[in-house]
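Me: I would like a close look at a single part of this model. Please keep it brisk.

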Amino acid sequence: MKGIWAITVLTIRDGIRGKSWLPLIVAALFCALLLWLGFDHRNFGSGKPQLGNFNAISSLFYFWSWGCLFTAVCVGSASIPRERRTPMLFTLPLTRWELALGKLIGAQLLSAAFLALGFGLSSGLAVLSGVPVTAYSGLSFATALTVSFVYLCLSIPLGAWLSPVIVGTITVIAEAQSTVVEGMAKAHLISGNGLTKALGYLLPWTIPGEPIRGAFFHGTHASGADFAGLLLNAFFGVIFFIGLTFLMRRGELSMRDSS
Amino acid sequence: MNAILEFENVSRSYKRGVPVLDGVGFSVGQGEVVGLLGRNGAGKTTLIKIAIGLLYPDSGSVRVFGLSPTAEPIAVKKRVGYVSENQELRGATIAELIAFHRYLFPMWDEALEKSLLDRFGLARKAKIRHLSKGQARQVALICALCHRPELLLFDEPAGGLDPVARREFLEASIHLLNDEGTTILFSSHHMTDVERIGGRVVLLDEHRVKLDRNIDHIRENICLAIVPLASVADPGVLQNLPGCLRVRKAHADWHAVVEGTPEVVHQKLISSLGHNGVRCIRVPLEELFIELAGSER
C-alpha cells in the first residue's frame, strides 16, 4: 500500500508539473472562440450559428471533457515508457503491481479533478443561466469519467511493451471500436456480422458518446440502466488492467539499449 | 570473504548473434570496491542493469546477497543503492525527492541525509531543474546512500562532470562509503577514476572479462613489452608467452601486455625469442588500459 500511495502522489505531482492541464486551457479557449463566433459543436458544418444557453453550456463541457480525455490518453500512454527510458522507479523496491496501480489511481484522480472542475464550471453557468442541471448532466459527467478510466486501464499497462504513440492509438481504437464499426456498418462499408461480433467480444466497450455531447440539453433523460452500463464498461476496464498488469509483472521490460 | 554479488557465465545480447556480454563471471566480496572498466559499448551498463534486475541475462546466473535480482527484486532492491549517469531526478525540490525516497525506505538515515546535504552545500528548497550536473549527481547519491544500502551500484557516476566535480564526487562518495564497509561496484571508462579509488579492477573487453586484478598488483606486476615487428613475424609467439594478456600492433612494434615485473618479463622474452631489441617498461594505468582495450594502429 505504501508503494501505491507513493506512486499515486508522484503521478499527480508529475501530471501537474508536466502541464497536463494545458489541453484544458486549449479546449476552453477553443470553446470560447467558437461560442464567440456563434458556433457550437452541434452545428459544425451546418453554417447556421445557433447561439443559445443550452447549447453553449453543453459545448463548454463537451470541449472541456475532450481536453480531459486527451490528457488522460497522453498521461496514461507515456507513464510507463517514461520509466523504461530513465529507470528511476524500477530501481526502487516497488513491485510492478504497485507501479501500475499507483499510476492508474494517480492519473485517474488527476483526470477526475479536471473533469469535476469542468463540470462544476458548466453547472455553475447553467444555474446562473436558469438551465436545469438534471440527472442527464450527471450521466454526462459519469460517462466522461468512465471513458478516461478505461483509457487509463488500457494505456498504463500497455506502456510496459509499446511506445506512447502506439499505446495511445491502440487505446483510442479499442475504446471507440464499437462506434466506428457501427458507423461503418451503417454506411455499408462493412457487412459481416461476424467481424462486428468478434470485435465486440474482444473489445467489449460500448460507451455512448451522446451524453458528453449534450450534458445540459432539454428533453434528455437518464435512467439507472445508463449508469449501470457505465459501471459495466468500467468493470471491463478493470479486467483488462488486471490481465495486462499480470502479464507485465514478470519478465524483462524493454529498457534503452545502452551497453 | 562473503560474496555479495556474483556473476556466473553471464551472457546477454540485444540483437541475435551480437553479444554484449559473453560468459562474464566474477564476484564481489563484502566491503570490496570494484571498478568495472571498459570502452563504450563494452557491456558495463548492461552488467550493472542485470545486477539490479532491470535486464535479464540470456544465460548464466546473477546472485545478489545470494538472491536472484529478477526472481526476488524487492528483497534485492531494498539493500542496493543505484546511481547512474542518465538517472532522472523526480520532484520539484530536493526536499520533495528525498521525502519520496524516505517514504519508501523505512531504514532511512536522517542524520546521514543532513550531513551529506551539508557536505555538498545543497539547500533542501533548491529546485531540481536548477541544479548543475554535479549537484544533481550529488542529490542522486544522497538518495542512493541514506537508506544504508549494503551494495552500491554506480553506473558511470561521474560521467559528464568536469574534472573538478568528478574528483570531488568520487572522493566524497566512494572513500566515504568504503570507510564504512559498503560494497561498491562502479563502472567507468576513466582509468584515473579507478586509480584514485583503488580496490580491484575488472576490465571488460570484447564481451568478456579481460583482466580482473587488484590495482596494486596491476601497478607492480603488469608491464608493457615492446618488440620490433621485424623481430617477430607471428604475434602468436608473443601471445603464447605465459602471463601475456594482449598483443597488438602499434606502428613498427608489437605491444604485449604481460604479467610480471619488467625485469622478469624481459628475461623471459630474451630466453624465448633469443634476441635483443626488446624493451619492457612499466606504464601508467591509463596507458595500460589503452593497450588492453585499444585497437591496432
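How many residues does the contact take from chain B and from chain A? Please start there, then go through the rest.

Reply: A caution to begin with: this is a predicted model. The contact takes 23 residues from chain B and 18 residues from chain A. On the chain B side, three helices each supply at least two residues: H1 (44–51), H2 (73–77) and H3 (94–104). By class, that side of chain B has 12 nonpolar, six polar and five charged residues.

Next, a site in chain B. B:His147 sits in the loop between helix H5 (133–145) and strand E6 (151–155). B:His147 has 22 other C-beta atoms within 10 Å, so B:His147 is buried; the cut-off is 20 or more. Leaving aside neighbours within four places in sequence, B:His147 is in contact with B:Phe105, B:Met107 and B:Trp108. B:Asp109 is 38 residues from B:His147 in sequence, yet the C-alpha to C-alpha distance is 6.0 Å.

Now a helix pair in chain A. H1 (residues 2–17) packs with H4 (residues 96–129) at an angle of about 45 degrees. Their axes are 7 Å apart. The crossing of H1(A) and H4(A) is right-handed. From H1(A), the residues that meet H4(A) include A:Gly3, A:Ala6, A:Ile7 and A:Gly15. Among their counterparts in H4(A) are A:Leu99, A:Gly102, A:Ile105 and A:Gly106. The contact of H1(A) with H4(A) has 10 nonpolar, six polar and two charged residues.

How values were computed
Residues numbered from 1 in each chain as written. Chains lettered and ligands numbered in written order. Predicted model: local features only at pLDDT ≥ 70, side-chain atom pairs only at ≥ 80, totals over all residues. Axes fitted to C-alpha atoms, helices over the stretch in contact; angles between N-to-C directions. Helix = DSSP H or I, 4+ residues; strand = E, 2+ residues; numbered from the N terminus. Left-handed = near helix turned anticlockwise from the far one by under 90°. Contact = placed C-beta atoms within 7 Å. Nonpolar A, V, L, I, M, F, W, Y, C, P; charged D, E, K, R; others polar. Buried ≥ 20, exposed ≤ 12 C-beta atoms within 10 Å, placed from the backbone.
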